[in-house]
Amino acid sequence: MADWPFVARGIQRRGDGMGIERLNPKGMHSNPAYSQGVALPASARIVLIGGQNGIDADGRIVGKGDIAAQTRQALANLAMVLDAGGARPEDLVRLSIYIVGDADIRPAFGAWMAFWADRGPPPVVTGIRVLGLANPDFLIEIEGQAAVV
């Protein structure tokens, strides 16, 4: 793949391992919120993060009716799982974001961009509208995958 001149890569490296390649081919739409693809080295440790909601440590919903608050809490929960797995947010390679019905995603997007900040090329992201989630008060659920090299 190194011979493909049309692939612009942002490579993140940790230690002496092979890097995670964020793929954003020339000629495709570029967006600061997500990458078009990710290539992982065979030696990467994969950390899978189950769907996170806006729930605090006591199981209470944070920000009932407020998608931005629920997104911030879901991302904080996701970061705690990453840490428990020996990963950092920068190691995220994929996110799936489930959004209830016709909820306005702009506040959630703002919370995501604040969380990602200047961490470099973002992971691939899929946004999915769903009829509902496990609790009728949940507005968003975020699951992810990270690769530690």
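## Starting with valine 100

Let's begin with a single residue and see who surrounds it. Setting aside neighbours within four places in sequence, valine 100 is in contact with Arg129, Val130, Leu131, Gly132, Leu133, Phe138 and Leu139. This is a predicted model, so keep that in mind as you look around.

Where does valine 100 sit in the chain's secondary structure? It belongs to strand E5. Is valine 100 buried or exposed? Its relative accessibility is 17%, and because buried means under 20%, valine 100 counts as buried.

## The whole chain

The chain has two helices and seven strands, and reading along the sequence gives the pattern β-β-β-β-α-β-α-β-β.

Of the chain's 149 residues, 41% count as buried. Among contacts with a separation of 6 or more, 69% are between residues 24 or more positions apart.

## Where the helices meet

How do the two helix axes cross? Helix H1 covers residues 67-84 and helix H2 covers residues 106-116; their axes come within 8 Å and cross at roughly 35°. The crossing is right-handed. On the H1 side, the contact is made by Ile67, Ala68, Thr71, Arg72, Leu75 and Ala79, while H2 brings Pro107, Ala108, Ala111, Trp112 and Phe115. Sorted by type, these residues are nine nonpolar, one polar and one charged.

Alanine 117 is found in the loop between H2 and E6. Most residues other than glycine have a negative phi. Alanine 117 is not a glycine, but its phi is positive, at about 50°.

## The largest pocket

Next, find the largest pocket, which has a volume of about 280 Å³. It is lined by 16 residues, and those closest to its centre are Ile97, Ile105, Phe109, Trp112 and Val125.

Which elements give two or more residues to the lining? They are H1, H2 and the strands E5 (92-100), E6 (124-130) and E7 (140-148). The lining is made up of twelve nonpolar residues, four polar ones and no charged ones.

Note on methods:
Residues numbered from 1 in each chain as written. Predicted model: local features only at pLDDT ≥ 70, side-chain atom pairs only at ≥ 80, totals over all residues. Heavy atoms only, no water. Axes fitted to C-alpha atoms, helices over the stretch in contact; angles between N-to-C directions. Helix = DSSP H or I, 4+ residues; strand = E, 2+ residues; numbered from the N terminus. Left-handed = near helix turned anticlockwise from the far one by under 90°. Contact = heavy atoms within 4.5 Å. Nonpolar A, V, L, I, M, F, W, Y, C, P; charged D, E, K, R; others polar. 1 Å grid on protein atoms, 1.4 Å probe; cavity = no way out; pocket = protein on both sides within 12 Å on 5 of 7 lines; lining within 4 Å. Points joined across faces, edges and corners; volume = space filled by probe spheres on them. Buried < 20%, exposed > 50% of the residue type's maximum accessible area, 1.4 Å probe, protein only.
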